[in-house]
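Subject: Structure for your review

Dear colleague,

Please find the structure below, together with its sequence. My notes on it follow, arranged by topic.

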Amino acid sequence: ARQLDLASGSVREIARNERGRTFQPVGWDRGRGIATAVETGPGGYATAYVVIRDGAPPVRTALGVQVISMDVRAAPDASRVLAVSARFDVRTVYVWPLAEPERRTTFEGGPGQRPVIARWRDAREFIVAVSENAATRNADRLEVWAVDGSRRVVARAAGFLAAVRPDCTAAITTVGIVDLA
């Protein structure tokens, strides 16, 4: 992993992956001098979470759960990270502080309900596409889940969750735009 200083154009190596795997960037807290990434193994699965602090060797933490590296995302303010289980028989979203993966919290769907995609709305809430069919990534509904554990349904028959608007007011799906208020 390298850091590029846009003002000067200088590039410096901040971490080296010696395991033959690639880094997938997750988050960067410039103020605290912390960058994070996941090591990606075969099939695009995240095998470890890597915390890189200015001037210190990278700290790797085995995830111990099956997640696809592209489904590991930092909150807009880089305070937290979320990851969605890639296993069809597991109904779980994981959330942890950016530099503390060992403080992982588990959020589960209800019986017969599987979170298939999750995207941050802001630093306190994330949008979850919930499916009742394990064979699809399309949502039977969209829900807003808060890090404090509260939840609310915002749409039914929502399709595929593509993105959250940058102003955090709507989710964009294959069916249309869903107002999150």
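A salt bridge, as the term is used here, is a side-chain nitrogen of Lys or Arg within 4 Å of a carboxyl oxygen of Asp or Glu. Glu132, Arg141 and Glu143 are linked in a network of such salt bridges.

Two remarks on the source are in order. This is a predicted model, in which local features need pLDDT of at least 70 and side-chain atom pairs count only at pLDDT 80 or more, while totals for chains, interfaces and linings use all residues. Residues are numbered from 1 along each chain as its sequence is written, and side-chain values use heavy atoms, with hydrogens and water left out.

Salt bridges

The structure holds 8 salt bridges. One of them joins the side chains of Arg60 and Glu39, with 2.4 Å from N to O. Arg60 lies in strand β6 (residues 59–62) and Glu39 in strand β4, so this pair ties together parts that are 21 residues apart in sequence. Strands here are DSSP runs of E with at least two residues, numbered from the N terminus; helices are runs of H or I with at least four.

How exposed are the two partners, Arg60 and Glu39? Arg60 is partly exposed, with a relative accessible area of 25%, whereas Glu39 is buried at 1%. Buried means under 20% relative accessible area, exposed means over 50%, and partly exposed lies in between, with a 1.4 Å probe and protein chains only.

Asp71 forms a salt bridge with Arg119, and the closest N and O atoms are 3.9 Å apart. Because Asp71 lies in strand β7 and Arg119 in strand β11, the pair ties together parts that are 48 residues apart in sequence. Both Asp71 and Arg119 are buried, the relative accessible area of Arg119 being 12%. Arg119 touches Asp71, Arg73, Leu82, Phe126, Ile127, Leu161 and Val164, if residues up to four places away in sequence are not counted. Contact means heavy atoms within 4.5 Å.

A further salt bridge brings together the side chains of Arg165 and Asp167, at 2.7 Å from N to O. Arg165 counts as partly exposed at 35% relative accessibility, and Asp167 is partly exposed as well, with a relative accessible area of 41%.

Strands and pairing

Strands of a sheet pair through backbone hydrogen bonds, either parallel or antiparallel. Two strands are taken to pair if DSSP finds at least two bridges between them.

In what order do the 4 strands of the open sheet run? The order is β11-β12-β13-β14, and the pairing is antiparallel. The edge strands are β11 (114–120) and β14 (151–159), each of which pairs on one side only. On average, neighbouring strands of this sheet are turned by 25 degrees against each other, direction ignored. For such angles, axes are lines fitted to C-alpha atoms (for helices over the stretch in contact), and angles run from 0 to 180 degrees between N-to-C directions.

Strand β11 is joined to strand β12 (residues 125–131) by 6 bridges, and the two run antiparallel. Arg114 lies in strand β11, and its bridge partner in β12 is Ser131. Arg114 is buried, with a relative accessible area of 5%. Its C-alpha atom is separated by 29 Å from that of Arg60, 54 residues apart along the chain.

Elsewhere, strand β7 (residues 67–74) and strand β8 (residues 80–85) pair in the antiparallel sense over 4 bridges. Ala74 stands opposite Val81 in β8. The hairpin of β7 and β8 has 5 residues between the strands, and Ala78 takes a positive phi near 60 degrees there.

A buried alanine and a surface patch

Ala35 is found in strand β4 (residues 34–40). It is buried, with a relative accessible area of 16%. Leaving aside residues up to four places away in sequence, Ala35 touches Ile14, Gly27, Trp28, Val50, Val51 and Ile52. Ala35 and Ile14 are 21 residues apart in sequence and 9.3 Å apart in space, C-alpha to C-alpha.

Leu4, by contrast, counts as exposed at 51% relative accessibility, and its place is in strand β1 (residues 2–4).

Yours sincerely
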